[in-house]
Amino acid sequence: MIGRYTRPEMGKIWEMENKFAIWKEIEVLACEAQAELGQSGITKEEAQWIRDHADFTVERIDEIEKVTNHDVIAFTTCMAEYIDADIPEGSEPPSRWVHYGMTSSDLGDTALSYQITQACDIIIEDIKQLGETCKRRAFEFKDVLCVGRTHGIHAEPMTFGMKFGSWAWALKRALTRMEEARAVAATGAISGAVGTYSSIDPFVEQYVCEKLGLTPDPLSTQVLARDRHAQVMAALAVTASTLESIAMQVRLLQQSDVIEAEEPFTKGQKGSSAMPHKRNPITAERVCGLARVVKANAQVAFDDVALWYERDISHSGAERVALADSFIALDYMFGKMQWMLDGLQTYPAKMEHNLWRTKGLIFSSKVLLALVDTGISREDAYVIVQRNAMQVWEDIQNAIDGPSYRERLEADPDANLSKEVLDKIFDPWDFLTRKDIVFDRLESLEF
């Protein structure tokens with residue numbers, strides 16, 4: 001991922017320096033496990049020497065790889081140079097025990113799992129932080145009226161806090177998926193060629209995984225099955241879709257014809273190079289755009305699941321790009337969404353104004369039920385309600401300042417409803433007598 005969309009903490013996880021540091025730790029732990037096991041010939045003193053002297057530089061590994069065309073061999077060669085640097089001439093090199101009985105996948109896959117857990121931990125904290133923000137702001141706007149929209153059309157009254165509340169619950173589901181994906185990914189495999197432990201004792205795998213906080217794969221085939229990685233990428237993609245959904249709604253609310261809320265517009269910010277009046281939802285649009293990258297990358301992970309027989313490396317290059325980019329992009333999206341929703345500028349007066357823009361049409365469902373209560377059929381009641389509603393719609397569409405929906409009903413002899421009934425019908429709060437149910441549920445939500 002390009003630097004523009006990379007936050008430092010997440011970016012460092014996917015840098016080569018961190019990757020090789022994990023590789024080094026796995027190799028050292030494997031040597032210590034072999035010394036503990038006491039079967040291969042390595043002594044505890046040699047294992048300690050390896051721990052004390054093992055090192056690498058990314059530049060030197062790159063230099064060696066230009067010759068070997070093999071990144072793991074380049075790494076172990078570089079590390080051996082450091083381990084054996086101070087060994088007297090003629091002495092047996094301690095580096096001979098590095099990578100003993102292991103395959104490249106034992107090292108690379110186990111390290112990748114550890115990187116994924118590191119990255120998942122950041123995303124999990126991102127989700128919790130944004131979820132708490134949405135919950136807090138839901139109660140902040142618990143009693144702020146706005147119109148609900150279905151198909152983009154005014155439907156019935158609701159409160160603006162319900163929007164934040166629905167986002168909070170979506171993030172809670174994202175948290176559950178992310179924690180489950182992390183658990184599936186937190187798996188290591190040091191099982192040798194085709195996973196038979198032919199040259200390495202399972203104790204080494206158990207020892208290394210325990211130290212790294214991973215679980216040994218019950219049956220690896222030299223590689224970890226890529227359905228694990230696909231589950232992680234699927235969780236990232238669904239989470240990105242959730243952020244996209246929230247950002248999309250911010251964009252809709254910020255439209256000039258709606259303008260009930262907008263992302264922060266900071267001092268000195270410029271909206272357009274040509275039109276100085278513009279306040280564009282650029283951050284929300286950026287989140288929506290990056291969501292497309294994360295969702296598309298999930299397909300790469302799905303394609304990586306199918307490998308030839310016990311292993312091939314068709315997945316390798318693809319996942320090196322897709323995994324890192326998805327984690328980095330999603331983390332960046334969370335940073336922007338946290339900034340946006342924590343500082344979301346809201347306009348309750350405009351919400352109230354918009355509530356009445358359709359001249360009372362949003363109360364049609366209550367009118368329908370009230371007419372049914374008078375004893376007429378639902379079908380006849382529907383005709384009365386819709387007939388008057390369509391007349392109001394025509395006025396609105398043609399910018400005619402005609403009668404309101406209530407006024408038309410009052411003038412319609414077939415709409416036999418008293419003033420007291422109409423007063424109750426056209427009270428937006430009458431729709432919300434049970435709103436506390438959803439907020440009581442939200443109160444119990446924990447991240």
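This is a predicted model: local features need pLDDT of at least 70, side-chain atom pairs count only at pLDDT 80 or more; totals for chains, interfaces and linings use all residues.
The crossing of H9 and H11 is left-handed; that word applies when the near helix is turned anticlockwise from the far one by less than a right angle, and right-handed applies if clockwise. Residues are numbered from 1 along each chain as its sequence is written, and side-chain values use heavy atoms, with hydrogens and water left out.

Back to the pair. H9 covers residues 227-253 and H11 residues 314-342; their axes come within 10 Å and cross at roughly 30 degrees. H9 is therefore roughly parallel to H11. On the cut-offs, angles under 35 degrees count as roughly parallel, over 145 as roughly antiparallel, 65 to 115 as roughly perpendicular, and the rest as oblique. The axes are lines fitted to C-alpha atoms, for helices over the stretch in contact, and angles run from 0 to 180 degrees between N-to-C directions.

Which residues in H9 and H11 meet? From H9 they include Val232, Leu236, Leu243 and Val250, and from H11 they include Leu323, Phe327, Leu330 and Met337. Contact here means heavy atoms within 4.5 Å. The residues of this contact between H9 and H11 divide into 17 nonpolar, three polar and one charged.

Next pair. Helix H2, residues 16-37, and helix H8, residues 202-212, have axes that come within 9 Å and cross at roughly 130 degrees. H2 and H8 are therefore oblique to each other, and their crossing is right-handed. The residues of the H2 contact with H8 divide into ten nonpolar, one polar and four charged. Among those that meet are Ile26, Leu29 and Glu36 in H2, and Phe203, Tyr207 and Lys211 in H8.

Between strand E3 (187-188) and H8 sits Tyr197, which has a positive phi of about 60 degrees although it is not a glycine. Most residues other than glycine have a negative phi. Tyr197 is partly exposed, with a relative accessible area of 24%; buried means under 20%, exposed over 50%, and partly exposed in between, using a 1.4 Å probe and protein chains only. The loop between H8 and strand E4 (215-216) holds Gly213, which is exposed at 55%.

In H13, residues 364-373, Val367, Leu368, Ala370 and Leu371 are buried. Down the axis of H13, its buried residues fall within an arc of 165 degrees, so they line one face of the helix; the arc is that of the directions from the helix axis to the C-beta atoms. Helices H14 (378-397), H15 (405-411) and H16 (419-425) are included in what covers them.

Asp395 lies in H14. Is Asp395 buried or exposed? Asp395 is buried, with a relative accessible area of 9%. Not counting residues up to four places away in sequence, Asp395 touches Ile400, Gly402, Pro403 and Arg408. In the loop between H14 and H15 is Ala399, exposed at 72% relative accessibility. Ala399 is not a glycine, yet its phi is positive, about 55 degrees.

Methods: Helices (H or I, at least four residues) and strands (E, at least two) are DSSP runs, numbered from the N terminus. Ala, Val, Leu, Ile, Met, Phe, Trp, Tyr, Cys and Pro count as nonpolar, Asp, Glu, Lys and Arg as charged, and the others, Gly among them, as polar.
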